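Reader: I would like to learn how to read strands and helices in a model of this kind. Could we begin with the terms and then turn to the case itself?

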Amino acid sequence: MSSLGVHFAIDEKAAARLLSADDDEAVMAIVTEIEEAPDSVDHCATDKAWDAIHRCLTDGLLGYDNGDYPLNAAILGGVQVHEDDDYIVSLLTPDRVRDVAEALVPVDRDRLLAGYRAIDVEDYGVNHGADDFEYTWANFTDVVAFFQRAAHDGKHVIFTVDQ
């Protein structure tokens, strides 16, 4: 995948607005507001590494239901607020954010590398190898720190990706 992923830590009010949005257009308007206020909203951009991170934390494949909770919730988990061919918005509640934050702590470099080696290379479609793993690892460490902050602050988390 060549799309860019970003996590945002949002408050209860923004989460409620997303969940009560009437249609995809309304969801995207709220997401745009969040994206355009990056200085006031804690966020973590994973660039294109989100795909590999999800695969490393699950079963090597890219899917919503693969792998085990809570690691499978770090990227694509939670309520799918918007999902189509162009854009994905997944929402995690604060209790799920805490679960993910705790589950990410023991995932060290060796464990992520083992997950990376389990990626279905043909399905992945990216230059699978040492350089890509280093890129994935660097972005993963940012995700861990982000979830720790979001859990500490009792925030909801949305993951957005423009496909």
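Author: Let us start with burial, for which a residue counts as buried when its relative accessible area is under 20%. Please keep in mind that this is a predicted model.

Reader: Which strands pair with strand 4, and in what sense?

Author: Strand 3, residues 79-83, pairs with strand 4 in the antiparallel sense over four bridges, and a hairpin of three residues joins the two. Within that pairing, His82 has Val89 of strand 4 as its bridge partner. Strand 5, residues 156-162, also runs antiparallel to strand 4, to which six bridges join it, and there Phe159 stands opposite Ser90.

Reader: How should I read helix 7, and which of its residues are buried?

Author: An α-helix has 3.6 residues a turn, so residues three or four places apart point the same way. In helix 7, the buried residues include Phe133, Trp137, Phe140, Val144 and Phe147. This helix, residues 130-152, reaches 33 Å from its first C-alpha to its last, close to the 33 Å expected for its 23 residues. After helix 7 comes Gly154, with a positive phi near 65°.

Definitions and conventions:
Residues numbered from 1 in each chain as written. Predicted model: local features only at pLDDT ≥ 70, side-chain atom pairs only at ≥ 80, totals over all residues. Heavy atoms only, no water. Pairing = 2+ DSSP bridges. Expected span 1.5 Å × (residues − 1). Buried < 20%, exposed > 50% of the residue type's maximum accessible area, 1.4 Å probe, protein only.
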